[in-house]
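Trainee: I have a model open and want to learn how to read it. Can we go through it feature by feature?

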Amino acid sequence: MKKWIFFGLVFFACTSFRNIGVDLNEIRTLYKESVNSKKACEKLIEISVSDETNSSLISGYKGCATIIMAKYFSNPFTKMSHFKNGKNILEKAIGADENNIELRFLRFTVQTSTPAFLGYNHNLEMDKNFILKFFHQIKDEKLKHFMMPFLKKSKYLSSEEKLQLI
């Protein structure tokens with residue numbers, strides 16, 4: 001019986017990772033660039049919308065890109081619409097995979113960058129603690145290198161917490 005459970009888990013893991021039909025490194029690069037480039041933000045949204053796997057991680061990036069896209073509009077109603085839509089997409093993605101450190105990192109980056117008057121900062125401490133607790137368990141070195149610069153610069157982590165990441 002244990003053997004069947006093991007094989008089932010292996011099969012599930014293999015098919016889950018295979019289904020992400022997009023290049024995560026490209027997605028991560030576009031995410032970093034989207035803060036300063038509307039074109040990169042649009043491309044990130046385009047790629048995430050075209051992803052047919054319904055991956056919660058890709059949805060999380062879509063939500064973040066939608067939030068960032070708000071910065072490129074001047075109409076306050078359009079800005080707020082993008083923000084709310086992106087926030088809902090991101091929260092839904094995290095709800096579907098709440099133990100995904102990359103999703104929690106994405107929400108942390110958004111909430112640390114969002115103006116306080118929008119009230120989207122209630123998960124900062126929880127996400128920070130989650131990231132600190134599980135950072136060393138990340139096996140994907142590219143993901144660690146993606147996260148590290150932001151975490152080292154974050155004013156929401158103390159010097160001692162930043163040292164924990166090394």
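Mentor: Start with burial. Buried means under 20% relative accessible area, exposed means over 50%, and partly exposed lies in between, with a 1.4 Å probe and protein chains only. Tyr 156 has a relative accessible area of 32%, so the residue is partly exposed. Phe 108 counts as buried, at 1% relative accessibility. This is a predicted model: local features need pLDDT of at least 70, side-chain atom pairs count only at pLDDT 80 or more, and totals for chains, interfaces and linings use all residues. Residues are numbered from 1 along each chain as its sequence is written, and side-chain values use heavy atoms, with hydrogens and water left out.

Trainee: How do I read the salt bridges, and how many salt bridges does the count come to?

Mentor: Look for a side-chain nitrogen of Lys or Arg within 4 Å of a carboxyl oxygen of Asp or Glu. By this rule the count comes to 8 salt bridges. One of them joins Lys 43 to Glu 26, with the closest N and O atoms 3.6 Å apart. Lys 43 lies in helix H3 (residues 38-50) and Glu 26 in helix H2 (residues 24-34), so the pair ties together parts that are 17 residues apart in sequence. Helices here are DSSP runs (H or I, at least four residues), numbered from the N terminus.

Trainee: Which residue forms a salt bridge with Arg 107?

Mentor: Glu 91 does, with the closest N and O atoms 3.0 Å apart. Arg 107 lies in helix H6 (residues 101-113) and Glu 91 in helix H5 (residues 76-96), so this pair ties together parts 16 residues apart in sequence. Arg 107 is buried, at 4% relative accessible area. Glu 91 is partly exposed, at 26%.

Trainee: What about Lys 128 and Glu 125?

Mentor: Their side chains meet in a salt bridge, 3.4 Å from N to O. They sit 3 residues apart in helix H7 (residues 124-134), so about one helical turn separates them. Separately, salt bridges that share partners join Glu 91, Arg 104, Arg 107 and Asp 127 into one network.

Trainee: How do I read a nonpolar core?

Mentor: In soluble globular proteins, nonpolar side chains tend to be buried together. A nonpolar core is a set of buried Ala, Val, Leu, Ile, Met, Phe, Trp, Tyr and Cys residues joined through side-chain atoms within 4.5 Å. The largest one here has 41 residues, and Tyr 31, Tyr 61, Met 147 and Leu 151 touch the most other members. H2, H3, H4, H5, H6, H7 and helix H8 (141-153) each supply at least two residues of this core. The largest share, 8 residues, comes from H4.

Trainee: And the aromatic pairs: how many does a search of the whole structure find?

Mentor: Rings of Phe, Tyr and Trp (its six-membered ring) pair if their centres lie within 6.5 Å; planes under 30 degrees apart are stacked, over 60 edge-to-face, and the rest tilted. The search finds 8 aromatic pairs. In one, the rings of Phe 83 and Tyr 120 have centres 6.0 Å apart and planes at 80°, so the pair is edge-to-face. Phe 83 lies in helix H5 and Tyr 120 in the loop between H6 and H7, so the pair ties together parts 37 residues apart in sequence. Both Phe 83 and Tyr 120 are buried.
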